Amino acid sequence: MKKFIAVALTVASCAATAAGAHYSDVSADETSLTSGCKSACLMDAYSGEIIYEENAEARMPIASVCKVMTLTLCFDAAKRGKLDMDGQITVSDRAAGMGGSQVFLQSGLSYSVSELIKSVVVCSANDSCVALSEAICGSEENFVAAMNEKAEELGCSNTLFANCTGLPKDTQYSCAKDVAVMFANLIDNEEYFKYSKIWLEDFAHPDDRTTSITNTNKLIRKYSYCDGGKTGFTNEAGFCLAATAVKDNLRLVSAVLGGNTSDDRFDSTVSLFNYGFANFANKMVLDKNVNLNDKLPVSMGKKESVSIRPERDSFVFCKRDANPEITFNVITSQSKAPLAKGDKVGEIEVYKDGILYDTVNLVCAEEVERANFFDNWHKIAENWGV
């Protein structure tokens, strides 16, 4: 089944955590955007709106694309303080003995966490995956359990992990839609892009060896808008790719699975991205650098009101030729001085065609000092005409 989304019937919060929301199509086109691939999914990275799908919920092996979740748990652990990106990990015999793609870690030696993560992102190193999983959860088995918990949390109901590497195992599967959702969640970590755009680099070992690592995602050099991706291949899974590209404030995420050849996955992904950029846009509706027209009243301050602005930009995803009705609801509470620039003083809700789409904090665009005795006396005098 192939679907093109012409109009979104419902919307979700404009954030990576909303990825995975599914929207029924109103205009089906049976012309496939992919070639030589068994399934595909294309979505807006921030809203999670799916704009093209082809057998997107069919369960199948995804090979090393499962490292999207491995990396997600690494970044999650770093946020929680469980994993120190500048710390060291001593490699176990089991990690060093992993087959498939690897950077040839030496058992007993200690490696930088950041370098291990880089090797997973760039060259899909299985040995680094296992070393990281053991450092975070004590064993790969415990780590896999955490992978499945995270998949469930993201709503990926057609996904089951059995290892952290993607090496063939009968009980491991996912689908194009779930892969797109998981990858959208991964790239919400800005640090991921420190590694994803590396093309060629030497991986330095503590014993003075070096291993040359090359990015398995060829679109980094072949497609100017692509700045991240994760490849996968086994005989069972075929050629797979999850990738992201950004152009004119629109970030897309794609997943193609079961390609007959390596070129099939890359060519199909380019076709998906070109379709998305040609037909959809993220239109800015709030600019973080522009104050709202109305000021917020302030009590006990040297000023009686303060200028406010959105804390961040807000974009609405839609067809390029669409003009959705955008309305706002400003929510503020009584504010008292002192107020510093950037202090939160409320929220602004963004509605697309009458449906809540995004909620953005409102912050002070300037500071307001607390009024002192003389300020208050001056105000009283003004009011009495003294």
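**Terms and their grounds**

Mentor: Helices H3 and H4 (residues 126-137) pack with their axes 8 Å apart, at an angle of about 135°. The model is a predicted one, in which local features need pLDDT of at least 70 and side-chain atom pairs count only at pLDDT 80 or more, while totals for chains, interfaces and linings use all residues. Residues are numbered from 1 along each chain as its sequence is written, and side-chain values use heavy atoms, with hydrogens and water left out.

Trainee: Why is H3 called oblique to H4?
Mentor: Axes are lines fitted to C-alpha atoms, for helices over the stretch in contact, and angles run from 0 to 180 degrees between N-to-C directions. Angles under 35 degrees count as roughly parallel, over 145 as roughly antiparallel, 65 to 115 as roughly perpendicular, and the rest as oblique. The angle here is about 135°, and therefore H3 is oblique to H4.

Trainee: What is the handedness of the crossing of H3 and H4?
Mentor: The crossing of H3 and H4 is left-handed; that term applies if the near helix is turned anticlockwise from the far one by less than a right angle, and right-handed applies if clockwise.

Trainee: Which residues of H3 and H4 meet?
Mentor: Val113, Leu116, Ile117, Ser119 and Val120 of H3 meet Ser128, Cys129, Ala131 and Leu132 of H4, where contact means heavy atoms within 4.5 Å. By class, this contact of H3 with H4 comprises 7 nonpolar, 2 polar and no charged residues. Ala, Val, Leu, Ile, Met, Phe, Trp, Tyr, Cys and Pro count as nonpolar, Asp, Glu, Lys and Arg as charged, and the others, Gly among them, as polar.

Trainee: What makes H1 roughly parallel to H6?
Mentor: The axes of H1 (residues 67-80) and H6 (residues 176-186) come within 9 Å and cross at roughly 30°. H1 is therefore roughly parallel to H6. In this pair, H1 passes H6 in a left-handed crossing.

Trainee: Which residues of H1 and H6 meet?
Mentor: Val68, Met69, Leu71, Thr72 and Phe75 in H1 meet Met182, Phe183, Asn185 and Leu186 in H6. The classes in the contact of H1 with H6 are 7 nonpolar, 2 polar and no charged.

Trainee: Why does Ser114 count as buried?
Mentor: Buried means under 20% relative accessible area, exposed over 50%, and partly exposed in between (1.4 Å probe, protein chains only). Ser114 has 16% relative accessibility and therefore counts as buried. Ser114 is placed in H3 (residues 113-123), and Ser114 touches Met85 and Tyr195, not counting residues up to four places away in sequence.

Trainee: Is Ser124 buried or exposed?
Mentor: Ser124 is at 4% relative accessibility and so counts as buried. Ser124 is in the loop between H3 and H4 and, although not a glycine, has a positive phi of about 60°.

Trainee: Is Asp208 buried or exposed?
Mentor: Asp208 has a relative accessible area of 74% and is therefore exposed. Asp208 lies in the loop between strands E6 (200-204) and E7 (210-214), and its positive phi is about 75°, although Asp208 is not a glycine.

Trainee: Why is Glu49 called buried?
Mentor: Glu49 has a relative accessible area of 3%, so Glu49 is buried. Its place is in the loop between E2 (39-44) and E3 (50-54). Glu49 and Cys318 are 269 residues apart in sequence, with a C-alpha to C-alpha separation of 9.3 Å in space.

Trainee: How many bridges pair E16 with E18?
Mentor: E16 (residues 326-332) and E18 (residues 344-352) pair in the antiparallel sense over 7 bridges; two strands pair if DSSP finds at least two bridges between them. The bridge partner of Ile326 in E18 is Lys352. E18 also pairs with E19 (residues 355-364), in the antiparallel sense over 8 bridges.

Trainee: How many helices and strands does the chain have?
Mentor: The chain has 10 helices and 19 strands. Helices (H or I, at least four residues) and strands (E, at least two) are DSSP runs, numbered from the N terminus.
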